[in-house]
Amino acid sequence: TYVDHEGITRKHKSVSIWAEEFQVFLTDRDQMLIPSLTDLFDCADIWKYKTLTRKTEDISNCWITIVGAITPSLLQSKLSQDAVGGGLISRIIFVVGQGPKQRRALQFLTEEEEDIQTKLQNDLQEIANLAGPFTLSKEFLKTYVRWYEQEYDESGVPSERFLGYNHRRPLHLNKVCMLVSAAESNDMIITEKHFETALAIMQCTEQEMPNAFYGLGLSNQANVYAKILSFIESHDSFDWTELVRNFHLDVDNISQLRGYLEMAEQSGILKAENSATTCRYFSVGNKKPLRDPTHLDKTVFRLMDRNVIKNQSGE
């Protein structure tokens with residue numbers, strides 16, 4: 001239970017779904033699963049579902065959170081075009097990675113990481129005990145209103161598939177602001193600093209979000225082209241021989257593979273440089289600059305990057 005801003009005690013249902021294999025959770029046997037998840041996102045005061053076997057299921061005043069892992073190819077096989085356009089993906093923040101940042105044969109935590117883990121566990125317990133509404137500071141309100149009225153329409157994910165997400169972006173931002181506030185203190189006050197940190201986290205995440213749907217196109221060869229684009233994303237540079245070695249089983253002939261490269265060049269994703277002996281291709285980054293990247297310095301993202309830098313430098 002919790003006490004709302006009017007002093008009334010209310011009941012709620014917090015539901016957390018942890019799905020390491022998200023494709024298993026998105027089963028085809030339940031045709032109402034995706035529509036139900038879409039509906040539950042809005043935290044309806046009254047939400048009831050009738051079934052023949054279990055009669056009425058009451059999940060009123062539900063706050064549902066899903067953390068799942070899936071590959072782009074499995075994602076597109078599980079989500080139909082109707083599901084993509086029907087509103088589900090507008091309610092999800094897709095965190096996309098191009099493989100591990102570093103490879104470790106033996107996985108273990110350093111003394112520093114063990115200390116951080118203990119502190120995180122204690123902090124999460126404190127966060128779990130928080131209840132009640134968040135308070136918005138005057139500085140937050142000024143910054144948020146200025147961003148919403150002047151910058152909101154010019155930002156977001158530049159993809160037609162994420163038009164719905166961009167429309168819901170302020171809602172996602174407010175939720176991340178609450179997470180950042182709860183992570184830093186127990187006063188449940190959202191400040192201008194929380195806004196800037198939350199926005200930097202979202203902008204950093206949104207730069208890779210279109211890659212979640214590589215291959216979800218109308219062309220029969222969209223999946224092959226998507227695999228090539230993913231290869232380009234994960235390589236700063238490569239030569240023709242390396243590309244053929246990776247994709248000779250995916251194309252009908254060499255001309256088709258050259259056509260994909262030409263398409264990537266014309267799209268501004270790839271740049272070719274010819275020498276006397278060979279042609280080398282370079283990935284072209286077109287990511288938008290973050291509003292203020294310094295707000296990521298004290299987050300877990302910067303900690304992970306720092307560990308990668310340490311390992312690369314031999315520390």
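Biologist: How are residues numbered, and which pLDDT is needed for local features?

Modeller: Residues are numbered from 1 along each chain as its sequence is written, and side-chain values use heavy atoms, with hydrogens and water left out. In this predicted model, totals for chains, interfaces and linings use all residues, side-chain atom pairs count only at pLDDT 80 or more, and local features need pLDDT of at least 70.

Biologist: How many helices and strands are in the protein?

Modeller: Helices (H or I, at least four residues) and strands (E, at least two) are DSSP runs, numbered from the N terminus. By that definition, the protein has twelve helices and eleven strands.

Biologist: What share of the 315 residues do buried residues make up?

Modeller: A residue is buried at under 20% relative accessible area, exposed at over 50%, and partly exposed in between, with a 1.4 Å probe and protein chains only. Of the 315 residues, the buried ones make up 31%.

Biologist: Which residues does F94 touch, not counting residues up to four places away in sequence?

Modeller: Contact means heavy atoms within 4.5 Å. With residues up to four places away in sequence not counted, F94 touches L75, I89, F162, T205, M209, A212 and F213.

Biologist: Is S90 buried or exposed?

Modeller: S90 is found in the loop between α4 (81-85) and α5 (111-128). Not counting residues up to four places away in sequence, S90 touches G164, Y165, R168 and H172. Because its relative accessible area is 5%, S90 is buried.

Biologist: Why do the buried residues of α11 line one face of the helix?

Modeller: Helix α11 (residues 254-266) has buried residues Q256, L257, Y260, L261 and A264. The face turned away from this buried side carries the exposed residues S255 and Q266. The arc is that of the directions from the helix axis to the C-beta atoms. Seen down the axis of α11, the buried residues line one face because they fall within an arc of 145 degrees.

Biologist: Within what arc do the buried residues of α10 fall?

Modeller: In helix α10 (residues 240-247), the buried residues are W240, L243, V244 and F247. On the other side of α10, T241 and R245 are exposed. Seen down the axis of α10, the buried residues line one face, so the arc they fall within is 100 degrees.

Biologist: Which residue is the bridge partner of K271 in β11?

Modeller: Two strands pair if DSSP finds at least two bridges between them. Strand β9 (residues 237-239) is joined to strand β11 (residues 279-283) by three bridges, and these strands run antiparallel. Five bridges join strand β10 (residues 270-274) to β11, again antiparallel. In β11, the partner of K271 is F282.

Biologist: How far apart in space are L136 and I190, C-alpha to C-alpha?

Modeller: L136 is found in strand β7 (residues 135-136). Leaving aside neighbours within four places in sequence, L136 is in contact with L141 and I190. L136 and I190 are 54 residues apart in sequence, and their C-alpha to C-alpha distance is 5.1 Å.
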